[in-house]
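Here are my notes on the model you sent over. Have it open beside you as you read.

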Amino acid sequence: MEAYLTWQFWYQVLSAFAFGVASSLVPVLNSELFIVGALGSRLLGPLEVALGLALGHGIGKQVMFVGIRKGANSRWVKHKEPKPVPEGSWRWRMRRWNDRAAHIVETPRWGMPLLFFSATTGIPPVYLVVIYAATTKMNFWRFSLWVTLGFFIRCYVLALATQYGFHLVI
């Protein structure tokens with residue numbers, strides 16, 4: 001068993017953490033490719049990658065959550081009343097669907113499992129779920145816990161699968 005209180009371990013976690021924060025805010029940066037590259041090059045271990053990326057994703061999604069929630073009340077955002085739309089039109093159906101989706105995300109019975117499932121699998125995209133969650137009354141601390149835990153499971157399973165796959169090939 002390796003010692004996890006070494007400087008090297010924490011340096012590896014910190015480098016994965018930095019990439020996790022960046023990739024959670026910039027969707028083009030792909031964490032899955034980072035995991036494959038880090039484990040393929042043997043620069044990082046599976047636990048270091050998973051722990052760093054999960055904590056980084058958690059912090060990045062918290063920044064998004066707070067930015068969206070507080071940004072809606074900012075003086076830089078123009079607040080205008082929604083235009084009335086005729087019932088039955090596509091805009092009316094879109095608003096109705098949007099209200100239903102926000103209600104599902106807001107309800108603790110469905111919102112937290114949906115958030116956890118999204119963070120663990122990527123379906124639906126976490127980016128969209130965070131945007132919906134921030135516009136509802138979802139609890140910030142529950143949000144933080146479930147999104148970080150879901151990302152840890154996702155990253156650790158992928159890291160172990162990648163490491164096992166490399167051992168099969170090499």
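The points below go from the overall fold to single residues.

1. Ground rules. This is a predicted model, with local features needing pLDDT of at least 70 and side-chain atom pairs counting only at pLDDT 80 or more, while totals for chains, interfaces and linings use all residues. Residues are numbered from 1 along each chain as its sequence is written, and side-chain values use heavy atoms, leaving out hydrogens and water.

2. Overall fold. The protein chain has seven helices and zero strands, where helices (H or I, at least four residues) and strands (E, at least two) are DSSP runs numbered from the N terminus. The C-alpha trace spans about 65 × 35 × 30 Å along its principal axes. Of the 170 residues, 32% are buried; buried here means under 20% relative accessible area, exposed means over 50%, and partly exposed is in between (1.4 Å probe, protein chains only).

3. The core. The largest nonpolar core holds 17 residues, and Phe65, Leu115, Met138, Phe143 and Val147 touch the most other members. Helices H3 (46–71), H5 (108–121), H6 (126–134) and H7 each give two or more residues to this core, with the largest share, five residues, coming from H6. By "nonpolar core" I mean a set of buried Ala, Val, Leu, Ile, Met, Phe, Trp, Tyr and Cys residues joined through side-chain atoms within 4.5 Å. As background, nonpolar side chains in soluble globular proteins tend to be buried together.

4. Helix H2. Which residues of H2 are buried? In this helix (residues 31–40) they are Ser31, Ile35, Ala38 and Leu39. Looking down the axis of H2, these buried residues fall within an arc of 90°, so they line one face of the helix; the arc is that of the directions from the helix axis to the C-beta atoms.

5. The salt bridge. The count is one salt bridge, taking that to be a side-chain nitrogen of Lys or Arg within 4 Å of a carboxyl oxygen of Asp or Glu. The partners are Glu32 and Arg154, at 2.9 Å, N to O. This pair links distant parts of the chain, with Glu32 in H2 and Arg154 in H7 (residues 140–169), 122 residues apart. Glu32 is partly exposed at 31% relative accessible area, and Arg154 is partly exposed too, at 22%.

6. A greasy patch. Leu25, Val26, Val28, Leu29, Ile59 and Val63 make a nonpolar surface patch of about 490 Å². Patch members have over 30% relative accessible area and no salt bridge, and nonpolar side chains (Val, Leu, Ile, Met, Phe, Trp, Tyr) are joined within 5 Å. Val26 sits in the loop between helix H1 (7–25) and H2 and is partly exposed, with a relative accessible area of 40%.

7. Most residues other than glycine have a negative phi, and most peptide bonds are trans. Arg42 has a positive phi of about 60° although it is not a glycine. Arg42 lies in the loop between H2 and H3 and is exposed, with a relative accessible area of 60%. The peptide bond from Ile123 to Pro124 is cis, with omega near -15°, and Pro124 is in the loop between H5 and H6.

Conventions: Patches are made of residues with over 30% relative accessible area and no salt bridge: like charges are joined within 9 Å, nonpolar side chains (Val, Leu, Ile, Met, Phe, Trp, Tyr) within 5 Å. Accessible areas come from the Shrake-Rupley method with a 1.4 Å probe; for residues, only the protein chains shown count as cover.
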